[in-house]
Amino acid sequence: TQPLYGHTGGYFVRTLRIVQLALYFVYDLVMSSLKVAWDVVTPQDLSSPRILAMPLKAESDLEVLLVTNLISLTSGTLSLDVSPDRKTLYVHAMFAVDPAAVIEGLQKGMEHRVRRVFAE
């Protein structure tokens, strides 16, 4: 596996991190889908949509691509654009009562796990 992954800590560590990312994504997908479904079936409107500017710590094109796609696949969020310097991701969030908390959740959740997969 060295030609694929280099001389890093190992194949098994990376595989474990990929599995953790996949499990986190499935959990996040289920929870966000339930939240959106609840908003649709209840008479009151619980959504407070906002467009947020999320600072990116992801460095490579692959990391940015994976973060943006996973955010877009999750119900209630949509990646709109990445700044030309790849330092900011613009996200439409359906439930953004507290925009700072949404950004922090995306950074500490999805982006952090994606960066761990590609970490040395």
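Student: In which hand of crossing, left-handed or right-handed, does α2 pass α4?

Tutor: Please keep in mind that this is a predicted model. The axes of α2 and α4 come within 8 Å and cross at roughly 150°. With the angle described in this way, the hand of the crossing by which α2 passes α4 is left-handed.

Student: How are α2 and α4 oriented to each other?

Tutor: The crossing angle of the two axes is roughly 150°, and angles over 145 degrees are classed as roughly antiparallel. The orientation of α2 and α4 to each other is therefore roughly antiparallel.

Student: How are α3 and α4 oriented to each other?

Tutor: Helix α3, which covers residues 61-73, packs with α4 at an angle of about 135°, and their axes are 9 Å apart. The crossing of these two helices, α3 and α4, is right-handed. Since roughly antiparallel applies to angles over 145 degrees and roughly perpendicular to 65 to 115, the angle of about 135° falls in the remaining class, and α3 and α4 are therefore oblique.

Student: In what order do the elements of the protein chain run from the N terminus on?

Tutor: The protein chain holds four helices and three strands, and its C-alpha atoms fill a box of roughly 55 × 30 × 20 Å along the principal axes. Read from the N terminus on, the order of the elements is α-α-β-α-β-β-α.

Student: Which strands stand at the edges of the sheet?

Tutor: The three strands form an open sheet with antiparallel pairing, in the order β1-β3-β2. Each edge strand has a single partner strand, so one side of each is left without a neighbour in the sheet, and the strands in that position are β1 and β2.

Student: How many bridges join β2 to β3?

Tutor: For the other pair, strand β1 (residues 50-55) and strand β3 (residues 88-93), the pairing is antiparallel and extends over six bridges. Strand β2, at residues 77-82, also runs antiparallel to β3, and the number of bridges that join β2 to β3 is five.

Student: Which residue takes a positive phi in the hairpin of β2 and β3?

Tutor: This hairpin has five residues between its strands. The residue with a positive phi, near 60°, is arginine 86.

Student: Which residues are the closest to the centre of the largest pocket?

Tutor: The largest pocket has a volume of about 380 Å³. Its lining consists of 18 residues, and the closest to the centre are Asp28, Ser32, Thr74, Ser75 and Thr77.

Student: How many residues of the lining of the largest pocket are charged?

Tutor: Helices α2 (11-41) and α4 (99-117) each supply at least two residues of this lining. When the lining is divided by residue class, nine of its residues are nonpolar and seven are polar, and the number of charged residues is two.

Note on methods:
Residues numbered from 1 in each chain as written. Predicted model: local features only at pLDDT ≥ 70, side-chain atom pairs only at ≥ 80, totals over all residues. Heavy atoms only, no water. Pairing = 2+ DSSP bridges. 1 Å grid on protein atoms, 1.4 Å probe; cavity = no way out; pocket = protein on both sides within 12 Å on 5 of 7 lines; lining within 4 Å. Points joined across faces, edges and corners; volume = space filled by probe spheres on them. Nonpolar A, V, L, I, M, F, W, Y, C, P; charged D, E, K, R; others polar. Axes fitted to C-alpha atoms, helices over the stretch in contact; angles between N-to-C directions. Parallel < 35°, antiparallel > 145°, perpendicular 65-115°, else oblique. Left-handed = near helix turned anticlockwise from the far one by under 90°.
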